[in-house]
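Q: I would like to learn how to read the features of a model like this one. Please put it up, and let us go through it.

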Protein chains: 2
Amino acid sequence: MVCLPDMATTENRPLILVTNDDGVFAPGLRVLTEVAKKHGDVVVVAPDKPQSGMGHAVTINGILRFATVDLMEGVSAYSTTGTPVDCVKLAIFKVLNRKPDLLLSGINHGANSSINVIYSGTMSAALEGAVEGIPSVGFSSLDHSHSADLEGARHVADVVVGNMLRHGLAEGICLNVNIPACPKEQLKGIRVCRQAKAFWLDDFDHRTDPGGKDYFWLTGKFKNFDKGEDTDEFALEHQYVSVVPVHYDLTAYHAIPQLQQWEI
Amino acid sequence: MVCLPDMATTENRPLILVTNDDGVFAPGLRVLTEVAKKHGDVVVVAPDKPQSGMGHAVTINGILRFATVDLMEGVSAYSTTGTPVDCVKLAIFKVLNRKPDLLLSGINHGANSSINVIYSGTMSAALEGAVEGIPSVGFSSLDHSHSADLEGARHVADVVVGNMLRHGLAEGICLNVNIPACPKEQLKGIRVCRQAKAFWLDDFDHRTDPGGKDYFWLTGKFKNFDKGEDTDEFALEHQYVSVVPVHYDLTAYHAIPQLQQWEI
């Protein structure tokens, strides 16, 4: 049976959807859910397994299931077999049966700054929220570790959620918030930035399985080619939290005039 | 063993990488490969199964394999177990061992106009090409059918590839080309456009499996909310081919000043 959440619909409290890409039992999601509980009534709909690097993948040629999860008191929580974007769609159309007032994704264990925004399941969930017209934000800690100190990230999430609820967000955008891997008291502040021109120099480990067959594992080094001081990478290198407004209009408007010169 | 392509490295002929998200044996990929052969030396690296809706997913927590495929004479072709973006990375770093001069993705069986650009594996492969600094383009036919008439799309691909090779593309962008579902002679022309504000009104079919357990299948209707005459949806509705330049800088620059007013 599908279990619809027994929401504590306290009047005037916003309904907040929490999701992530590290899976419903990741420590980062627990911290974000605790922050969300301070600000509103919370429903969690998150993947039942890690879905890092899933980008904006959506399940169109297969089925989805979801199940109730015992996450923490006072929070209705569900796991799904789908991607982070599937979680957002399922949450809106089958769990909540309405759009939440806020969508929070994360706290991701690992950076989603610069080009990582396009690979990140955490950020794709937030972007899907923007597509659905929901003020949405993805949080990522630069500390990959499962046992990361997330107290700085907790504080940042609290400040950002407070501002989101007070000010809202312009239509069609969401926020990409990355938090340096340092103790809370060493954070220097929060900066609004643009996405840096920083990329992965990819490579693959070439390995042989026990049966003698080749396989490959993606690896690579991250490199910042951008000398700008207004970028997310610059802020993070200097122990500032980076906040980048992100949108889903991928049109490169500046390139249109050149293309209009083509012989088409 | 890994088979490196036995490339017919005819001097002065560009090296063209072809991929898609419908799988290496899709008719659309065959047509695009035939077009590419007219213009250069072609290597195909494409998924071994349909990967529609995979967005910018990349395999970071699992392995990849690739195998030689007998696709057509004079073309080195490989299938991989990965996503379209994985195919591009594997092609560059393990098959070709260099960046190709051009990357063509498609011809997709189904539209990738407006918001579909973010869900589309076809377009994510092209965008990954742009990230890698390769002039890249994704082609999609509005006809979903496996037996679609792709002669119009073939002609358009030929014209666009010719222009790409003559003019190149501005750094950091790729092209999203959609072709109306009509006979070639009914195409009215090619228009450079912006991405329309058109979205899916999602829903889920709620079904019960033979064991009595619930499952869900994504469905929905597509709706264009954009009245602009400069959009891809407008062009396609009027039987024009749409060409949208697409980039991977997702920063919503217009939203930065508002955020700088926040109490952070």
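Q: Is α2(A) largely enclosed by the rest of the structure or exposed, and why?

A: A residue is buried if 20 or more other C-beta atoms lie within 10 Å of its own, exposed if 12 or fewer, and partly exposed in between; C-beta atoms are placed from the backbone. Here 12 of the 12 residues of α2(A) are buried, so the helix is largely enclosed by the rest of the structure. Among them are Pro84(A), Cys87(A), Lys89(A), Phe93(A) and Lys94(A). After α2(A) comes Asn97(A), with a positive phi near 55 degrees.

Q: What kind of model is this, and how are its parts numbered?

A: It is a predicted model: local features need pLDDT of at least 70, side-chain atom pairs count only at pLDDT 80 or more, and totals for chains, interfaces and linings use all residues. Residues are numbered from 1 along each chain as its sequence is written, and chains are lettered from A and ligands numbered from 1 in the order in which they are written.

Q: How many helices and strands are in chain A?

A: Helices (H or I, at least four residues) and strands (E, at least two) are DSSP runs, numbered from the N terminus. Chain A has seven helices and 11 strands.

Q: Which order do the strands of the open sheet have?

A: Two strands pair if DSSP finds at least two bridges between them. In chain A, nine strands form an open sheet in the order β3-β4-β2-β1-β5-β6-β7-β11-β8, with mixed pairing. Its edge strands, β3 (66-69) and β8 (189-192) of chain A, each pair on one side only. From one strand to the next, the twist averages 25 degrees. Take one pair: β1 (residues 15-19) and β2 (residues 41-47) of chain A run parallel, joined by four bridges. There, Ile16(A) is opposite Val42(A) in β2(A).

Q: Which strands does α2 of chain A lie across?

A: Axes are lines fitted to C-alpha atoms, for helices over the stretch in contact, and angles run from 0 to 180 degrees between N-to-C directions. Contact means that the C-beta atoms of two residues, placed from the backbone, lie within 7 Å. Helix α2 (residues 84-95) lies across β1, β2, β3, β4 (76-80) and β5 (102-109) of chain A, at about 135 degrees to β2(A). Helix α4 (residues 121-131) of chain A also packs on the sheet. It touches β1, β5, β6 (136-141), β7 (173-179) and β11 (240-247) of chain A, and makes about 170 degrees with β6(A).

Q: How many residues of chain A are in contact with chain B?

A: 63 residues of chain A are in contact with 63 residues of chain B. Chain A's side has 40 nonpolar, 14 polar and nine charged residues. The classes: Ala, Val, Leu, Ile, Met, Phe, Trp, Tyr, Cys and Pro are nonpolar, Asp, Glu, Lys and Arg charged, and the others, Gly among them, polar.

Q: What rotation superposes chain A on chain B?

A: Copies are superposed by least squares on the C-alpha atoms of residues with pLDDT of at least 70 in both. A rotation of 180 degrees, with 0.0 Å of shift along its axis, does it (RMSD 0.0 Å). That is the relation of a two-fold axis. Both copies use the same surface: 100% of the contact residues of chain A recur in chain B.

Q: Where does Asp226(B) lie?

A: Asp226(B) is in the loop between β10 (214-224) and α6 (232-237) of chain B. It is partly exposed, with 18 other C-beta atoms within 10 Å. Its C-alpha atom is 6.0 Å from that of Ala196(B), 30 residues apart along the chain.
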